[in-house]
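Welcome! Please take a moment with the sequence and the 3D view below, and then we will walk through them together.

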Amino acid sequence: MLFVAHTQIETKNRDAVYNRFQEIGNGEVEGVKLLGTWHSLTQDENWSVLESSDAIQIAKLFHKWTDLALNNLTPVVDNDDMYKVLSNK
């Protein structure tokens, strides 16, 4: 399953977030594939696309960041799957 994560970083936590990022990267966990991450130029938010079939592993990934940032996670489907939804397949 695909997920889009939107992370909001409070100004007071920005340096701590990017210091941790330099230390551990995204904090990868087994069973979660990071397809890409994009950072705002103001460094106060980012978006990631992830793939996983294990909600526990997704939670483990984001647990590493919940002390510093607000993470919103949305399950999504691609165009091929949306065509299936719309055609009742």
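Where do Lys84 and Asp81 both lie? Both are in helix α3 (residues 79-86), 3 residues apart, which is about one turn of the helix. We will come back to this pair after a look at the whole chain.

## Before we start

This is a predicted model, in which local features need pLDDT of at least 70 and side-chain atom pairs count only at pLDDT 80 or more, while totals for chains, interfaces and linings use all residues. Residues are numbered from 1 along each chain as its sequence is written, and side-chain values use heavy atoms, with hydrogens and water left out.

## The chain as a whole

The protein chain has 3 helices and 4 strands. Helices (H or I, at least four residues) and strands (E, at least two) are DSSP runs, numbered from the N terminus. The C-alpha trace spans about 50 × 25 × 15 Å along its principal axes.

Of the 89 residues in the protein chain, 28% are buried. Here buried means under 20% relative accessible area, exposed means over 50%, and partly exposed is in between (1.4 Å probe, protein chains only). A contact means heavy atoms within 4.5 Å. Among contacts with a separation of 6 or more, 67% are between residues 24 or more positions apart.

## Three salt bridges

The whole structure holds 3 salt bridges. A salt bridge is a side-chain nitrogen of Lys or Arg within 4 Å of a carboxyl oxygen of Asp or Glu. Lys84 and Asp81, the pair from our opening question, meet in one of them at 3.7 Å, N to O. Lys84 is partly exposed, with a relative accessible area of 44%, and Asp81 is partly exposed as well, at 32%.

Another salt bridge joins Asp67 and Arg20, with the closest N and O atoms 2.9 Å apart. This pair links distant parts of the chain: Asp67 is in the loop between α2 and β4, Arg20 is in helix α1, and 47 residues separate them. Arg20 counts as partly exposed because its relative accessible area is 22%. There is also a salt bridge between Arg14 and Asp15, where the closest N and O atoms are 2.7 Å apart. Arg14 is partly exposed at 32%, and Asp15 is partly exposed at 46%.

## A cavity inside

How many cavities of 30 Å³ or more are there? The count comes to 1, and the largest cavity has a volume of about 290 Å³. Among its 22 lining residues, Thr7, Asn26, Asn46, Ser48 and Trp65 are the closest to the centre. The elements that each give two or more residues to the lining are β1 (2-9), α1 (14-24), β2 (33-39), β3 (45-51), α2 (55-63) and β4 (69-76).

On a 1 Å grid over the protein atoms alone, a cavity is a set of points where a 1.4 Å probe fits but cannot get out, and lining residues have an atom within 4 Å of a point. Grid points are joined across faces, edges and corners, and the volume is the space filled by probe spheres set on the points. By class, the lining has 13 nonpolar, 8 polar and 1 charged residues. Ala, Val, Leu, Ile, Met, Phe, Trp, Tyr, Cys and Pro count as nonpolar, Asp, Glu, Lys and Arg as charged, and the others, Gly among them, as polar.

Is Ser52 buried or exposed? Ser52 is buried, with a relative accessible area of 6%, and you will find it in the loop between β3 and α2. A polar atom of its side chain lies 2.8 Å from the backbone oxygen of Gly31, and the Ser52 side chain also reaches the backbone nitrogen of Asp54 at 3.1 Å. Leaving out residues up to four places away in sequence, Ser52 touches Met1, Phe3, Gly31, Val32 and Ile58.

Leu2 lies in strand β1 and is partly exposed at 22% relative accessibility. Leu2 and Ser53 are 51 residues apart in sequence and 8.5 Å apart in space, C-alpha to C-alpha. Beyond its neighbours within four places in sequence, Leu2 has contacts that include Leu35, Leu50 and Thr74.

Most residues other than glycine have a negative phi. Gln43, however, has a positive phi near 60 degrees. Gln43 sits in the loop between β2 and β3 and is partly exposed, with a relative accessible area of 36%.

Technical notes:
1 Å grid on protein atoms, 1.4 Å probe; cavity = no way out; pocket = protein on both sides within 12 Å on 5 of 7 lines; lining within 4 Å. Polar contact = N/O pair within 3.5 Å; in protein donor to acceptor, adjacent residues only side chain to side chain.
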